[in-house]
Amino acid sequence: MEKRYDFTQIEKQMQTLWECEQIYHFDKNAKGEIYSVDTPPPTVSGSLHIGHLFSYTQAEMIARFRRMQGYNVFYPFGFDDNGLPTERLVEREEKIRASILPRSEFISKCQTTVAKYENEFKTFWKSLGFSVDWTTEYQTISPEITKISQELFLELAKTGKAYIKEAPVLWCTECQTSIAQAELETFDIESETASHAVGTHERCGKPAEMKPSRQWYIDILTEQERFLRAADEINWYPANMKNRYIAWVENLKWDWCISRQRYFGVPFPVWYCKECEKPAFAEKEQLPINPLEVEYSGTCECGCTNFTPESAVFDTWATSSITPQINERLGIKLTPMSMRTHAHEIIRTWTFYTIVRSIYHTDSIPWKDLMICGFILAKKGEKISKSKNNNNLDPKHLVATHSADVLRYWTAGAKLGTDTFFSPDELSISKRFITKLWNASRFSISHLRDIDFVKIPSLLPVDRWIIERANETMSNAAKLLYEYEIGSARHEIDEFFWKDFCDNYIEIVKERLYQPDIHGIEERKSGQFALYYTLLSIMKMYAIYVPHITEHIYQSFFKQHEKEASIHLTHWAKPTGIDADIINFGEVLKIAISEMRKYKSENNLSMATEIEAFEIRTSPHFIEWFKQSEKDILACSKAKELKLIS
Ligand SMILES: [Zn+2]
Ligand SMILES: [Zn+2]
């Protein structure tokens with residue numbers, strides 16, 4: 001193994017390996033219960049920002065964790081590339097106004113722009129080492145998804161859950177379209193009259209007003225109780241996020257307006273009778289369809305055969321609220337999906353709308369677990385996505401200069417659902433960790449080259465202790481990760497790695513590995529066995545956080561002894577019980593060593609200084625184990641004699 005770990009080479013190499021070997025390919029027939037992730041299709045509305053990195057990476061770690069627990073992980077990816085946010089991006093970039101261009105010309109400009117951004121996004125997720133199966137990729141504006149979206153709209157229109165009416169609607173004069181309650185940045189209509197501003201449109205920052213017009217709605221008010229009940233059927237992580245949802249649902253004022261007087265979106269498969277204005281719907285077989293391009297061929301109940309096409313398009317949420325159904329297009333029964341994840345700002349939109357659609361289309365909740373992440377803030381109260389672009393915060397620049405693993409490790413430090421500040425200085429801890437992981441692995445592996453697996457040696461107590469602690473740590477971390485507590489789990493693993501493994505175990509076992517003539521050949525084998533098992537366990541645990549360096553170490557050494565082609569296909573150990581006795585013995589030993597070190601440093605002695613005797617007080621229960629560990633203890637304390645007192 002190289003002296004220094006060069007991430008600029010290795011990360012790319014590992015990504016190529018995963019792609020060539022199809023490590024993350026989803027096979028619906030593979031063994032293991034399916035664990036499906038409902039990933040937010042990012043809105044194509046501008047460049048990437050570090051906020052994207054944060055919430056997406058936390059969810060990615062969960063996908064990796066479940067895979068390593070033996071689940072058959074379905075981890076798809078899509079892009080939400082239509083609607084107002086995308087249109088505004090195109091208008092900004094091309095310095096044009098959609099309203100003055102021919103519709104088709106504007107749409108074609110939108111298509112070019114979204115393709116460019118999607119490519120950029122995808123390259124970025126890959127550079128972070130995302131374990132997505134890219135064959136599942138979708139775009140909400142594609143004909144395939146348009147078809148699903150239109151079909152489900154027709155379903156709602158048939159049952160009366162989608163309806164058209166003439167009424168005052170929230171209207172943005174800047175964007176020249178109706179908008180929904182959830183798109184208002186501030187909301188207070190108690191004392192307002194119909195024509196007054198009622199809040200600010202979140203997409204443009206301009207005041208919205210009430211304006212009478214004819215729009216399509218999805219009925220949400222009559223089912224409020226059902227949507228509140230759904231909240232109790234879903235596991236919320238963190239639990240308090242449920243309150244935000246409840247507050248939103250309880251305060252709904254209007255039905256969900258889904259028509260937008262815009263251009264780049266999924267068309268309504270609808271025409272209107274020129275005589276009586278009654279809507280006429282496309283047949284399922286005709287989908288996807290754009291009524292502006294195809295004439296309605298039927299006859300209205302009133303006898304009229306002349307129809308006007310609907311020119312409005314769906315609100316982008318009308319399509320992104322059906323991601324569970326979109327995912328099922330691949331012919332796999334997924335709903336309710338295992339998990340949905342996103343940041344807390346879109347509970348009132350994405351969480352809520354998806355629950356609405358799921359209840360209407362499947363009569364059940366869309367997912368079992370909901371993992372809500374926080375934001376990254378640039379400075380107090382300022383969301384990074386809204387702050388000025390700054391090279392130091394450009395995620396692509398950060399990955400290129402600091403590595404994906406360093407950023408990922410940092411991302412895992414935050415508590416789930418909590419906002420976090422970011423500055424590049426924050427990354428020094430991550431970098432120290434990567435260096436430590438590399439050095440400890442290099443050292444260990446240098447003593448494992450001649451390991452043989454012919455027979456398991458009888459293990460010394462210290463070796464049994466570190467193996468048991470590795471199992472205990474894995475089991476504790478897994479418990480936390482099942483609760484989506486990525487940060488606390490990492491803390492648990494860090495404690496084990498730095499304190500138990502590096503500070504104590506390696507120091508204790510070192511001489512035994514170097515000098516079998518003093519310590520014995522069997523004793524060295526015992527150490528090798530424990531070191532191999534523990535280091536591999538450490539690789540497995542950190543693999544979800546830092547997938548590149550752990551894979552590289554696995555490929556460089558472990559793979560020759562293990563059967564899996566990648567560390568990411570190995571499974572975590574699931575110990576059935578933890579031997580508390582041997583763990584307690586290790587704790588006593590750790591305390592004794594720490595006291596011995598403290599004594600040396602307080603007396604200005606180097607750690608290599610010989611001492612006359614090392615006295616350890618312990619319960620009679622552990623005396624035998626301490627006796628068996630005598631040579632190790634003498635070696636790491638440089639004591640001439642070990643005195644045991646019980
Ligand atoms: Zn607007
Ligand atoms: Zn008619």
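Trainee: Which residue in β14 does Cys273 stand opposite?

Mentor: Good place to start! In this predicted model, Cys273 stands opposite Phe307 of β14.

Trainee: How do you know that β12 and β14 count as paired, and in which sense do they run?

Mentor: Pairing asks for at least two bridges between two strands. Between β12 and β14 (residues 307-309) there are 3 bridges, in the antiparallel sense, so the pair meets the requirement of at least two.

Trainee: And what makes β12 and β13 a pair?

Mentor: Strand β12 (residues 270-273) is joined to β13 (residues 279-281) by 3 bridges, and the two run antiparallel. Pairing needs at least two bridges, so β12 and β13 pass. As an example, Tyr272 has Pro279 in β13 as its bridge partner.

Trainee: What lies between β12 and β13 in their hairpin?

Mentor: There are 5 residues between the two strands, and in the turn Glu277 has a positive phi of about 70°.

Trainee: Now the domains. How is the chain divided?

Mentor: Domain 1 covers 7-140 + 322-426, domain 2 covers 146-317 and domain 3 covers 428-645.

Trainee: How many residues of domain 1 and domain 3 are in contact, and what does "in contact" ask for?

Mentor: The C-beta atoms of two residues must lie within 7 Å. By that test, 31 residues of domain 1 are in contact with 29 residues of domain 3. On the domain 1 side, α1 (7-20), α2 (50-67) and α12 (404-411) each supply at least two residues.

Trainee: What classes of residue make up that side of domain 1?

Mentor: The side touching domain 3 has 17 nonpolar, 6 polar and 8 charged residues.

Terms used
Residues numbered from 1 in each chain as written. Chains lettered and ligands numbered in written order. Predicted model: local features only at pLDDT ≥ 70, side-chain atom pairs only at ≥ 80, totals over all residues. Helix = DSSP H or I, 4+ residues; strand = E, 2+ residues; numbered from the N terminus. Domains from an automatic or database assignment. Nonpolar A, V, L, I, M, F, W, Y, C, P; charged D, E, K, R; others polar.
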